[in-house]
Amino acid sequence: DDSRASEALRIIRALSDAGFVAMLAGGCVRDALLGKSPKDYDVATDATPDAVRDVFGKRRTLAFGASFGVIGVLPPREDRSADTKVEPTEVATFRSDGDYSDGRRPDSVHFGNAEDDAKRRDFTINGLFYDPAIGQVIDFVGGQADLRRGTLRTIGDPAKRFGEDKLRMLRAVRFATALAFQIDAATRDAIHVHADQISVVSGERIGAEMRRVLASPSAAEGLTRLVDCGLGDAVMPEINGLDLAALADCLTELQPPTAVTVLATVLLHTDAPEAGLRSITNRWKLSNQEVRAVSAAIANWRTIAQADQLPFSTVQPALVDRDVDAILAVARAMVRSSNQTGSPEQLGSSGIESAVRSLGLPADALDPPPLLTGDDLRALGIPAGPKYRVILQQIRNQQLDGKISNRNDAIAAATLI
Ligand code: ATP
Ligand code: MG
């Protein structure tokens, strides 16, 4: 996004006008050198957090990460448009991290210079700066050479770096997958050695990384890497013993591959999809929305795939489900890949086509207002009770299947049930 980039450049100019060193840092430099458009532009500087707040004023700054040296800088008020949400640019003071004793975060941070700051970062390709004043990449860690080689490598001794922060092992899989890089042999060996220690990382943080591995066209490669690095057992035991090549064939058919659709498809390749989802929900703290969509896809894809052979009343609930998009995406991928492998089941793209055609029905045909309510049953003198649900459902099904189309027929049918 160009406006994010120019905002970061303006911030850098303001800092250097005030006499500080300031550069673009980390992911945005990596992505720009790879010709990808960066998600966000981070600034690194030798100005302390207090100095950054002085340069831009308290009203333009957010001290959300001041304790580890990060200040959010907002665009000047007059440049903020009313309708779009303003995202602060992160301005981080150069630092070197102290010892790590919890396997996740440094015990203390010390402000330092650019080289210290490069060396405390995780991977060489993430340790680059770009100085816009001279138009040059500043590389203390050999990141440019690794970008050219397509290699993911820790900065410094991999065993030490993974020992400090175990989450980096999963970040290695995530970056290598997203960029289609190979993981350097020494880095991979060190992940292998430390893999079981990933359990000191909270399930939530693991889940955040795994969502990014899954929500990708290369999700199958990501899972293969996870297993190859020895992280499979601790991070996602559900895929233990899975035929990852067959899974890959199915995942390539998935449009779009989101965390939800990929997770549903992966679980459908296991023996116990629902149990797997429950366990992952607890470990990764999936949101209610995510859980709802994954279980809807797991429960309903088959109905969609067989839609041409089923009564409309059986298919309709899946079609009016709020997660119908996920259900359809998973159904398509499952059908396409099962056709390749010659599945004996009566699943077919014609079922999906007929489901999609139904989706095109006007709302009052896809989900017509019910012909009868409980009040009608009471007026008919039917004693209230659990039978009401059964009757109303049967009437509803007959309505959806086109067997009854008006109130009088519905009342007549209800008295027969
Ligand atoms: P993305 O585009 O996915 O956000 P990114 O490189 O910006 O990629 P972030 O997680 O946003 O990744 O982190 C920003 C930078 O901070 C990284 O490029 C890296 O230099 C550094 N960093 C982040 N997490 C760690 C970590 N656990 N250990 C060391 N350095 C890290
Ligand atoms: Mg980032």
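Guide: Helices (H or I, at least four residues) and strands (E, at least two) are DSSP runs, numbered from the N terminus. This is a predicted model, in which local features need pLDDT of at least 70 and side-chain atom pairs count only at pLDDT 80 or more, while totals for chains, interfaces and linings use all residues. Residues are numbered from 1 along each chain as its sequence is written, and chains are lettered from A and ligands numbered from 1 in the order in which they are written.

Visitor: Which residues of H14 are buried, and where do they lie on the helix?

Guide: Buried means that 20 or more other C-beta atoms, placed from the backbone, lie within 10 Å of the residue's own; 12 or fewer means exposed, and anything in between partly exposed. Pro 273, Gly 276, Leu 277, Ile 280 and Trp 284 are the buried ones. Down the axis of H14, they fall within an arc of 100° (taken from the directions from the axis to the C-beta atoms), so they line one face of the helix.

Visitor: Which exposed residues does H14 carry on the face turned away from its buried side?

Guide: H14 has a buried side that includes Leu 277. The face turned away from that side carries Glu 274, Ala 275 and Asn 282.

Visitor: Between which domains does ligand 1 lie?

Guide: The bounds come from an automatic or database domain assignment. Two domains give residues to the shell around ligand 1, so the ligand lies between domain 1 (1-148) and domain 2 (150-213).
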